[in-house]
Amino acid sequence: MCEYCGCQQIATIAELTREHDDVVALIGQVQGSLADRCLEDVALRCQQILAILAPHSVVEEDGLFPEMAEEFPDHVEVLRSEHREIDKVLGEATDGPPDDPTWPDRLVGVLFLLREHILKEQDGVFPAALIALDADQWERIEAVRARLVAASNTVTPTTLTPTTVTPTTLATDERDRL
Ligand SMILES: [Fe+2]
Ligand SMILES: [Fe+2]
């Protein structure tokens, strides 16, 4: 992928759009499960939405939004605060359906907000970014995505089983070199 023909910006926006599409499909499934009053399924779908939004929102908040903030400060601030609100209500289902009897109604409200939020980005921020941003800015946004991908592929030392090589496990000539 080259930086200057526009394919990088198209790929960046295409990935964000694909994640939006997946989220919208899950919103439909949540609404179906809510209608069936199957709160276990509702909670599971909420967790799946959160799993998509976790890296997606970082790319927007650490990558795209800073590049747009000078020109559209109010829009960006609203979108950031909507992320917080959406995360809060969906996050209540992290360990399964919450006991709070007001949660299903609050969830319906926040799913509506999430759909509106996605439309605002797709019809507002994304087209504006495609016009306004230059190659260096797209490269910085893509670097945020690349860091997330690299981090998700990294096995942290704490997840590894410590392997200690002691002299007794080595052959005699190897022990002599220690
Ligand atoms: Fe967003
Ligand atoms: Fe988004």
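Trainee: In what order do the elements run from the N terminus on?

Mentor: The elements run α-α-α-α-α-α. The protein has six helices and zero strands. Helices (DSSP runs of H or I, at least four residues) and strands (E, at least two) are numbered from the N terminus. This is a predicted model, in which local features need pLDDT of at least 70 and side-chain atom pairs count only at pLDDT 80 or more, while totals for chains, interfaces and linings use all residues. Residues are numbered from 1 along each chain as its sequence is written, and chains are lettered from A and ligands numbered from 1 in the order in which they are written.

Trainee: What makes H2 roughly antiparallel to H5?

Mentor: Helix H2 (residues 39–68) and helix H5 (residues 135–152) pack at an angle of about 160°. Their axes, lines fitted to C-alpha atoms over the stretch in contact, are 9 Å apart. Angles run from 0 to 180 degrees between N-to-C directions. Under 35 degrees counts as roughly parallel, over 145 as roughly antiparallel, 65 to 115 as roughly perpendicular and the rest as oblique. So H2 is roughly antiparallel to H5.

Trainee: Which residues of H2 and H5 make the contact?

Mentor: From H2 they include Pro 55, Val 58 and Leu 64, and from H5 they include Ile 141, Val 144 and Leu 148. Contact means C-beta atoms, placed from the backbone, within 7 Å. By class, there are seven nonpolar, two polar and four charged residues. (Ala, Val, Leu, Ile, Met, Phe, Trp, Tyr, Cys and Pro count as nonpolar, Asp, Glu, Lys and Arg as charged, the others as polar.)

Trainee: How do you know that H2 and H3 are roughly antiparallel?

Mentor: H2 and H3 pack at about 165°, with axes 11 Å apart. That angle is past the antiparallel cut-off, so H2 and H3 are roughly antiparallel to each other.

Trainee: Is the crossing of H2 and H5 left-handed or right-handed?

Mentor: The crossing of H2 and H5 is right-handed. H2 passes H3 in a left-handed crossing. The test: left-handed if the near helix is turned anticlockwise from the far one by less than a right angle, right-handed if clockwise.

Trainee: Which residues in H2 meet H3?

Mentor: Among them are Cys 46, Ile 49 and Phe 65, and in H3 they meet residues including Val 76 and Leu 90.

Trainee: Why is Arg 37 called exposed?

Mentor: Count other C-beta atoms within 10 Å: 20 or more is buried, 12 or fewer exposed, in between partly exposed. Arg 37 has 9 such neighbours, so it counts as exposed. Arg 37 is found in the loop between H1 and H2. Its phi is near 55°, a positive value in a residue other than glycine.

Trainee: What makes Pro 127 exposed?

Mentor: Pro 127 has 12 C-beta neighbours inside 10 Å, so it counts as exposed. Pro 127 lies in helix H4.

Trainee: How many residues has the largest nonpolar core?

Mentor: It has 15 residues. A nonpolar core is a set of buried Ala, Val, Leu, Ile, Met, Phe, Trp, Tyr and Cys residues joined through C-beta atoms within 7 Å. Cys 46, Ile 49, Leu 90 and Val 110 have the most contacts inside this core. H2 gives the largest share, five residues. Another core, of twelve residues, lies apart from it, with Ile 13 and Trp 138 among them.

Notes. Contact = placed C-beta atoms within 7 Å.
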